[in-house]
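Here are my notes on the model, for you to check against the structure.

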Amino acid sequence: MYKTSIRGKLIQGDKSLSKISQDILAPIDAKTPRWWYIAMTISMAMFGWGIYCKYVTISTGIGTWGVNNTVGWGWAIINFVWWIGIGHAGTAFSIFLLILRQKWRTAINRAAEAMTVVAVGCAGLFPLLHMGRPWLFFFIFPYPNTRGPLWVNFNSPLFWDFVAISAYLLISASFWYFGMVPDFATIRDTTKSKIKKAVYGFFAFGWTGSSREWLRFEALSFVLGGIAAVLVVSVHSIVSTDFAVSVEPGWHTTIFPPYFVVGAIFSGFAMVLTLVTLMRKLYNMTDFITDSHVDAVCRILIFISLIMGTAYLTEIFMAWYSGSQYEMFTFFQNRITGDYAFQFWAMFTCNALIPQLFWFKAVRSRLWIVFIISIFINIGMWYERFNIVITSLTKNYLPANWATYSPSIIEIGFFVGTLGMFSVGVLLFFRYIPMIAVSEVKSISKFNEEIEPKEHH
Amino acid sequence: MVGVFDNEFDLVKAFEKVKAKGVKVDEVYTPYPIHEILEGMGKKTRITHAAFFYGLFGALTVLGGMYYAAVISWPLNFGGKPFNTFPSFIVVTIVATILIVTITTLFTFSARAQIFPGKAAKIVHPGATDDKFVMVLKSGEAGFEAGEIEQILKDSGASEIIK
């Protein structure tokens, strides 16, 4: 039993059930605010530049990027890993907190899942275009073909990655969508607009809220939640094996899978925090996304930040303890010091030090500071991937192979394009989809009352 | 007869009283799942069992497919490793099985709960997806006495009774 006297109210403002629907669905019926159009225009411009850069990449080739024979993985792979990491929050949030029966998740999980779907979509573009001939990408499917049949290498992490990312995209999208079906039905039954009634009615798939529907719906969430929990751990572990099974110094370590999974959840939670603070401010969702929600996410971030710091120090210690001169060189002369020292220390400061400010209640309770720190974590996690990809590749075993790397304008544009794509997705989500799971919030509203449900009169 | 309630506690109270009378409740419509009702309706779902068998089938198919491709159809020598590199097949097996279970379970849900694109909703009470808890009783059921049932619904705090 959830004790309001101990844990605080889950929903502020003593709302009736229909008030909950009205408040959450208000932005869908309201006139589109002006800032939305401005933000959309900027995002579309970024997205458009990204499309142009993709066009250049496809029509001319990978030569338009800054990558070379030594540094074959540039921004494309950095950004891929970064986006996938952000995409982990949706599943981590919904599934882990569902399994742990955390009732406060209901206000945030919808936004986290939406973010997952868009972020994984952004991530998938990078390896696709990095292939060089994206129109032949279907060669990676293991299907009986006329080339032998020549099958793919099932031992290759790159193939595992392909399976994992496509499965993750499909699964998180369907999990997200089916969670929304009851809410679409609520819009259908409460809206006054005929067009909305028809459109949302279609997407509601004929949902009525009958007991036979809810019974199976619960079973479905249980099954999907249970198996997708495995995915949270497996997808980023697989991404880490892309690195860990190669013999580059700084990559070939056993710490990689847990290090990547924790890092992914870290950046994902930070992005969730960025989004919900925006949602709370822009749409006035303060009653649903309460101070204690923000507080809870901040506390989780302190914990994960400590794990990240430990992981960084462990890597450095192991490089020294291994006695391998290549590992020593990579960590001590090419990360902590050397050409890429700035990126290393930016990573360390943003991920391991700055989030420690969350220990202070004064920091956790000021939304604008929380917002800024969440942005810092996102930047720090980007630098972590830069650090891993670039420092190991630029200077590996043979000094004759050493090369520097800096991104071309096309690569930068590609990344900016995905940022635009992400914010377009998020803005559409804010505008057209209930950004908080209405039916789930209703189901926890009874816990706002101190009395046991049985004694209710 | 349709009883409309404003909160789940009144609904559950009425539901249990009606059941105690031996009258079968035809259907209950609620804005969110209520476990007393889901259990009380006496329906069982085997979706979880179905999902287990989908998983078993999926895992065997994926593993078998990889074995066929890598060992029987076109064995390739990767650095002298055995053709059947079972441990590294497991990774793809897990992920692809999860995908297969998800998709097949979704279709099963769609078929069993009859939730699919293009279905027109049969709405008993438009408030059932918003803030009303609706209980539907059929007059033809055994032990159904309109006056008695109406009294139970009223006593439990029904805000509206539609005959």
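1. Start at A:Ala89. Leaving aside neighbours within four places in sequence, A:Ala89 is in contact with A:Ala112, A:Met115, A:Thr116, A:Ile265, A:Gly268, A:Phe269, A:Met271 and A:Val272. Contact means C-beta atoms, placed from the backbone, within 7 Å.

2. A caution on the source. This is a predicted model: local features need pLDDT of at least 70, side-chain atom pairs count only at pLDDT 80 or more, and totals for chains, interfaces and linings use all residues. Residues are numbered from 1 along each chain as its sequence is written, while chains are lettered from A and ligands numbered from 1 in the order in which they are written.

3. The core. A:Ala89 is among the residues with the most contacts inside the largest nonpolar core, which has 181 residues. Others on that list include A:Phe269, A:Val272 and B:Val95. The largest share, 16 residues, comes from H10(A). A nonpolar core is a set of buried Ala, Val, Leu, Ile, Met, Phe, Trp, Tyr and Cys residues joined through C-beta atoms within 7 Å. Buried means 20 or more other C-beta atoms within 10 Å of the residue's own, all placed from the backbone.

4. Helix H10 of chain A. H10 covers residues 256-283. Of its 28 residues, 21 are buried. Helices are DSSP runs of H or I, at least four residues, numbered from the N terminus. Just after H10(A), A:Asn284 takes a positive phi of about 55 degrees.

5. Chain A overall. Of its 457 residues, 49% count as buried.

Terms used: Helices (H or I, at least four residues) and strands (E, at least two) are DSSP runs, numbered from the N terminus. The expected span of a helix is 1.5 Å times one less than its number of residues. A residue is buried if 20 or more other C-beta atoms lie within 10 Å of its own, exposed if 12 or fewer, and partly exposed in between; C-beta atoms are placed from the backbone. Two residues are in contact if their C-beta atoms, placed from the backbone, lie within 7 Å.
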